[in-house]
Structure formats: structure tokens, C-alpha cells
Amino acid sequence: MSQNETAPAETGMPADLRNADLSGRSFASASFANRDFSGAKLNGAAFDGADLWGACLDGVMAGEASFVDASAVGAKILNASLIECQMARINLAGADLTGSDLQGANLQHANLSRARLENANLSGADLTGANLAEADFTGARLSGAMFVRVDAPGAIFRNVTMEGSDAFFSDFSDTVFERASLSGSRFDRSSFRGTRWVSVTASPALFEFVNLECSQILTSKLTLSSLRGANLSSASLIGCDLQHVDLTWAVVDGLAANDCDATHARFPEMKAIVFTPRHATAPLIEPKPLYRVAATHEDRHKLIETPRR
């Protein structure tokens, strides 16, 4: 029997799942590959470990449903209600969640590589440890969400609201942040290597000991933000508001800053280290980055591979 011919008797399901009411039912480890759940009511249902590869869940009502360890690679989940769903370790690689409501959802260690989350609502969601490589968050609401230790190289954060979020020790290398509101968020020790920021508002936000090497930051407002210990080597800042920004201990070798307002900003001071006794040999110190190391091209390729499980 092919994937498209899953027998209804195997799961106790009706042949036509569109607009069906399956609330509170359990379908753990069941196969629903390529099935159509459009408009179905799935509130409180359990799909843990289920195969939803290529399935259509457009417009479903699935509040507090559980999809732990499920596989929904390439699924269509447009304008769905997934509020406070349990979705830890779900595989949503390449899935389309445009316009869906995932407020308070648990997406810890989920695979959302190359997923579309345009205009989705992930306010208060927990994405700790998630794979967000090349995901598109254009227009998404991300305030209060947890982005701790995520892998998000090449992701797009255009027109997003990401205020009051925790996003420390994460990899945002080669991402695009355009017209994004990041005020009140923490990005400590994250990597933004090679990122492009355009008209970003982060006033204030914490970027302590982050890696902004080779990044472009254009017409952005960073007033009162802390970039203590940040690596700004070979970065460029053009037309930015840096008033009262704290750059203590920052690495600014090769930094190009043009048309920026740095009134009352704190800049790093060069300090000489004197060893005693005189002429003593300096200790051999192996430098180690204080921030998340950015993904290599090989690492990024592995992140966007989409195995079935």
C-alpha cells in the first residue's frame, strides 16, 4: 500500500479528514503522509511520532495538541492555530507555516530548516536548540520567544518584532535583519558573522561578546545597547545611532564607521600589560572565542539536509 493509501481502519480515521473533528484523540506513530487535514479540529490530539510528511494542515485548530518527534517535512500548515502545542524535536524542514499561530508552542530542538514562517506568530514560543537554517521569518511576531543555542545561518528576519526575547549563544551568521525590532532582547555570545542589518531598532538590547565580524549594519538604532567585548573586526556601520552604546573591550580592528552618531558612546581603551620581573617571557595564551562559532559552509549544508525522520 502506498503512502497515499493509508487505510482509515489502521488509525480509526474517516476516509475524508477535511474539517473532521479529531480533538483529544491519539494517533501516535500513525502514518498520514500526504493526507489532507484542511480545516480539521485537532485540539488536544496526540500525533507523537506520527508521519505527516507532505500533509496538508491548512487552517487546522490544534491548540495544545502534541506533535513530539513527529515528521512533517514539506507539510503545508497555512493559517493554522497551533497555540501551546508540544512540538519538541518535530521535523518541519521545508514546511510552510505562513500565517500560523504558534504562540507559546514548545519547539525545542525542532528542525525548521528552510521552513516558511512568514507572518507567523511565535510570541512566547520556545525554540531552544532548534535548527532554523535558511528559515524565512518575514513579518513574524517573535517577542518573548526563546532562541537560545539555535542554529540559524542564512535565516531571514525581515519586518519582524523580536522584543524581549532571549537569543544568546546562537548562530545567526549570514542572516538578514531588515526593519527588525529587537529592543529588550538578549543576544549575548551569539554569532552574527557576515550578517546584514538594515534599519534595525535595538534600543536598548544586549549584544555582549557577540561576533559581528564582517557584518554590515546600516541606518540602525542601537541607542543604549551594550556591545561589550563584541568582535567588530572588518564590520561596517553606516548612518547608525550609537548614542550611549557601550563598546568596552570590543575588538574594532578594521571597523569602518561612517555618518554615525556616537555621542556619549564608550569605546575600548588600549591597555599595556607589564610582566615582572623585567624581561620575563610572556606566557603562551591560546585565544578562544567567547562567542558561538559560526557555521562553516559544510556545517550549513548538513543543517539544511532534510531526511525523512
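A: Helices (H or I, at least four residues) and strands (E, at least two) are DSSP runs, numbered from the N terminus. This is a predicted model, where local features need pLDDT of at least 70, side-chain atom pairs count only at pLDDT 80 or more, and totals for chains, interfaces and linings use all residues. Residues are numbered from 1 along each chain as its sequence is written, and side-chain values use heavy atoms, with hydrogens and water left out.

Start with Thr175. Thr175 sits in the loop between E1 and strand E2 (176-178). Thr175 is buried, at 1% relative accessible area. Buried means under 20%, exposed over 50%, partly exposed in between, with a 1.4 Å probe and protein chains only. The Thr175 side chain reaches the backbone oxygen of Phe172 at 2.6 Å. Beyond neighbours within four places in sequence, Thr175 is in contact (heavy atoms within 4.5 Å) with Ala152, Gly154, Ala155, Phe157, Thr195 and Arg196.

Next, the backbone. Most residues other than glycine have a negative phi, and most peptide bonds are trans. Asn19 has a positive phi, near 65°. Asn19 lies in the loop between helix H1 (8-11) and strand E1 (156-158). Asn19 is exposed, at 59% relative accessible area. Cys214 has a positive phi too, near 60°. Its loop runs between E3 and E4. Cys214 is partly exposed, at 37% relative accessibility. Pro204 is in the loop between strand E3 (196-198) and strand E4 (216-218). A cis peptide bond joins Ser203 to Pro204, with omega about -5°.

A cavity is a set of points on a 1 Å grid over the protein atoms alone, where a 1.4 Å probe fits but cannot get out; lining residues have an atom within 4 Å of a point. Grid points join across faces, edges and corners, and volume is the space filled by probe spheres set on them. The whole structure has one cavity of 30 Å³ or more. The largest cavity holds about 50 Å³. Its lining includes Leu52, Phe67, Met87 and Leu92. The lining residues are nine nonpolar, no polar and no charged. Ala, Val, Leu, Ile, Met, Phe, Trp, Tyr, Cys and Pro count as nonpolar, Asp, Glu, Lys and Arg as charged, and the others, Gly among them, as polar.

Last, confidence. pLDDT is the predictor's confidence in each residue, from 0 to 100. The chain averages 92, and 89% of the residues score at least 70. Residues 1-10 stay under 50. Where pLDDT is low, the predicted coordinates should not be read in detail.

How values were computed
A polar contact is a pair of N or O atoms within 3.5 Å; within protein, one must be able to donate a hydrogen and the other to accept it, and residues adjacent in sequence count only if both atoms are side-chain atoms. On a 1 Å grid over the protein atoms alone, a cavity is a set of points where a 1.4 Å probe fits but cannot get out, and a pocket is an open set with protein on both sides within 12 Å along at least five of seven lines; lining residues have an atom within 4 Å of a point.
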